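Let's take a walk through the charged pairs in this one. Have the sequence and the 3D view open side by side.

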Amino acid sequence: MAKFKSGFSIRVFLVLVSALIFLGVSESITVLAQTEEEGSGSNILLILDGSGSMAGQIEGKAKMNVAKEVMTDLINDLPDDVSVGLVVYGHRSKGDCDDIEMMAEMGEIDKATLTRKIESISPRGKTPIAKSLEMAGEQLEAMEDLTTVVLVSDGEETCEGDPCALVKSLKEKGINVNVHVVGFNVGEKEKVQLSCIADAGGGRYFTANNADQLKEALSEVREEVVVKKDVPKMNPLPMGGDRKETAVPISAGDYGTDHEIAKGLTEYFAVKLSPGQTLSVGFRTPDTTNPYAGASIYNEEGNLVIKETIIGSPGTLKSVSWSPDSNKDESMLYIGVGNDYDENAIETAYYITIEDNFDIGSATDAGEIFDNAINLEPGKSSGHLSGKRGEDKKDFYAVKMNAGQKVSVKITPESDTGFKLTIFDQDRVIVNSKASANPGAITRISWTAPEDQEVVYILIEPHRFPGESSAIKYDMDVSLD
């Protein structure tokens, strides 16, 4: 079995690990599997697709906007001693195969400048991948240290170039470079060419079909750049139970499978979560021929709540996540490893993370019933709910107020999510209610107490949210006048 490197987590997905990194949410970063002999570069050159197709929609949002957010997160998470460059193509004019701009030459990272340049990109033109790689080669020709080139594209070459051959020529010239490619929401035809570029560049190809997977892919690339050779090996995934009743307890961490799991069989693992925590399981297939892999999550009752499968696709990353019932003191969730279509490949990487998505700076989650409401003082705070990937659908808060006082609540979503706000008086009667006009809109609500109130209740619920989502963050501002 190949030796793996282990990783660490930061604020998800993003997971894939929400991965691949990219919404409202706590982000998780995992380490790309490497052999003990492989090294990491201290230089990274980003090549970003700014062609017209990036204006297309994914999960109700322009792909370019998703890419901007993920790339900005990637840049902000890079160490200050990494040298970074940025090439963008197709962003200034239509039908121009020479529309390639070196927005930032290789040099000491300037995070503020890079993020401003990325934010300025507007998708317009064609996809000259080969010429972009040629420009990159000219930048890197005189550099001795290894440079990691990261190409993010949602399509194949449209300017009659041969990017595979171009990358091979760069390597033949002795340019010290590895090329990783992230295919963002591409079809099988485009994937063939983009995978070829990664193979020719001695790098890896990542499939990212949504924002979370894009974040996770770039997170893995980030770890490839900054990981050190002395990082310990990834832990071998132990043999799981043959049913949920015999599930093997497992801790958060990065694991690699050292045994096959037969077609149609599942191995089970058990994880305990507190209210307000989110379980995420990212998994990536090895770079072997036609690998299959799968992961699933079951709730405390043993019912399947989410499942994902990778079918015959090497180096592909997917994820599942779930937020348990917030009214329980503790929840046991079960992770299933395996798939229904073929053997689960040896050397599949599994990244298990438990994210703390607690409400208003507490160590728990606001309850879904009046009696489990969290006491809230006026001021600014933040909280989390789940979308379809979870059971945390309501947050109740209790606020003390007196006769004649006016309570005002403002909810600002962190992502393209809508929220519904409801105010109840001390008798738990609805006195005002309002839902956001559209995803991402700020929602405001207020109520003036006509008589003494020992307490009023504020209920926050998700109103509109991305189809596959968990740990939806919101910022809350409550005032009493």
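Asp 99 is buried, with a relative accessibility of 2% (buried is under 20% relative accessible area, exposed over 50%, partly exposed in between, using a 1.4 Å probe and protein chains only). Its side chain meets that of Arg 92 in a salt bridge, 2.8 Å from N to O; the term calls for a side-chain nitrogen of Lys or Arg within 4 Å of a carboxyl oxygen of Asp or Glu. Arg 92 counts as partly exposed, at 43%. Bring in Glu 101 too: Arg 92, Asp 99 and Glu 101 are linked in a network of salt bridges.

A quick word on what you're looking at: this is a predicted model, where local features need pLDDT of at least 70 and side-chain atom pairs count only at pLDDT 80 or more, while totals for chains, interfaces and linings use all residues. Residues are numbered from 1 along each chain as its sequence is written, and side-chain values use heavy atoms, with hydrogens and water left out.

Now hop over to Asp 340, which pairs with Lys 307 in a salt bridge whose closest N and O atoms are 2.7 Å apart. Asp 340 sits in the loop between strands S17 (331-337) and S18 (349-356) and Lys 307 in strand S15 (304-310), so the bridge ties together parts 33 residues apart in sequence. Strands here are DSSP runs of E, at least two residues, and helices runs of H or I, at least four, numbered from the N terminus. Asp 340 is partly exposed at 38%, and Lys 307 is partly exposed at 38%.

Across the whole structure, the search turns up 16 salt bridges.
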